[in-house]
Amino acid sequence: MAYTDAGKQRIPKVAKYAQGRIPKDRTQQNYTVFEKKFGDRSGIEDVIVSKRRFQYEEEVKSNPHNYDAWFDYLRLVESDADAFTVRELYERAIANVPPIKEKRHWRPYIYLWINYARFEELEVKDPERTRQVYQACLGLIPHKKFTFAKIWLLYAQFEVRQKNLQNARRALGTAIGKCPKNKLFKGYIELELKLREFNRCRKLYEKYLLFRPENYTTWIKFAELEMILGEIERVRAIFDLGISQPRLDMPEVLWQTYIDFEIEQEKYENARGLYKRLLQRTQHVQVWLCYAQFELSTEGAE
């Protein structure tokens, strides 16, 4: 059959009208064939997008918890649709809460929320709605069973960008109270360091060490903070408390860091005393070798 120019112009309108009245797969297939044969580049691209949207729609309808399909669908719609349409699709996606309360089942679902919040902040530029998205997500997570440090930290960072430090601190304080995790403590301390709120950092380190006293890295980081601030006696007090812990992940690292600190301070007698205390706990050959090297290197320096 030959088509006139006017006929070709009417066919897309007829096809779109037909999409709601006859089976979609037939309409889509016939319209695709027509556009490939007679359409311009823009028309062909529209058909391809329309076909992919139809496929994703069918996938999420058949399995609403197929989060990979939702991600693909949203990526397509974000590149082609207005904010209202994208938001509507995000709302449909996040309505499908995982039926099983296990973290591995929730991880992709939480990323839907993260992408939704980023869309509202960066694309729509709506801070109030972004805040609502983060808060709604945090309200859904069963924190007594598991949590996601990432979403807490992203929310706090968002509030910092909004210059709302009170909300950021409240969120991280709530997170540490409900579900303390290494990442949350580290993220909160990093935030306060950037703000140069050193007293707050101290309090956070104290809470962190009550939570994980065996974590040798935290003792070292806390001591390093006091070194930066020039609080030498505080450094010694932290190291002394650290090496006195009944259980440490890697005690030898903490001991050696303390000894190195005293050597840097040229307090050789203090360093010697630490080696002697360490040898009361262990007779490991490496400790003896380090002690001997220390004595050789400091000979005549005192």
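Mentor: Let us begin with E224 and K221, which form a salt bridge whose closest N and O atoms are 4.0 Å apart. This is a predicted model, so please read each distance as a computed value. Both residues belong to helix α12 (residues 216-228), and because they are 3 residues apart there, about one helical turn separates them. E224 is partly exposed, with a relative accessible area of 33%, and K221, at 43%, also counts as partly exposed. Elsewhere, salt bridges that share partners join R87, E91, E120 and R129 into one network.

A second pair to look at is R92 and E57, whose side chains meet in a salt bridge with 2.8 Å from N to O. Here distant parts of the chain are linked, since R92 lies in helix α5 and E57 in helix α3, 35 residues apart. R92 is partly exposed, with a relative accessible area of 35%, whereas E57 is buried, its relative accessible area being 13%.

Helix α3 (residues 41-62) also holds R53, which forms a salt bridge with D80, the closest N and O atoms being 3.9 Å apart. D80 lies in the loop between α4 (67-78) and α5 (83-94), so this pair ties together parts that are 27 residues apart in sequence. D80 is partly exposed at 44% relative accessible area, and R53 is partly exposed at 27%. To set these pairs in context, a search of the whole structure finds 22 salt bridges.

Definitions and conventions
Residues are numbered from 1 along each chain as its sequence is written. This is a predicted model: local features need pLDDT of at least 70, side-chain atom pairs count only at pLDDT 80 or more; totals for chains, interfaces and linings use all residues. Side-chain values use heavy atoms; hydrogens and water are left out. Helices (H or I, at least four residues) and strands (E, at least two) are DSSP runs, numbered from the N terminus. Buried means under 20% relative accessible area, exposed over 50%, partly exposed in between (1.4 Å probe, protein chains only).
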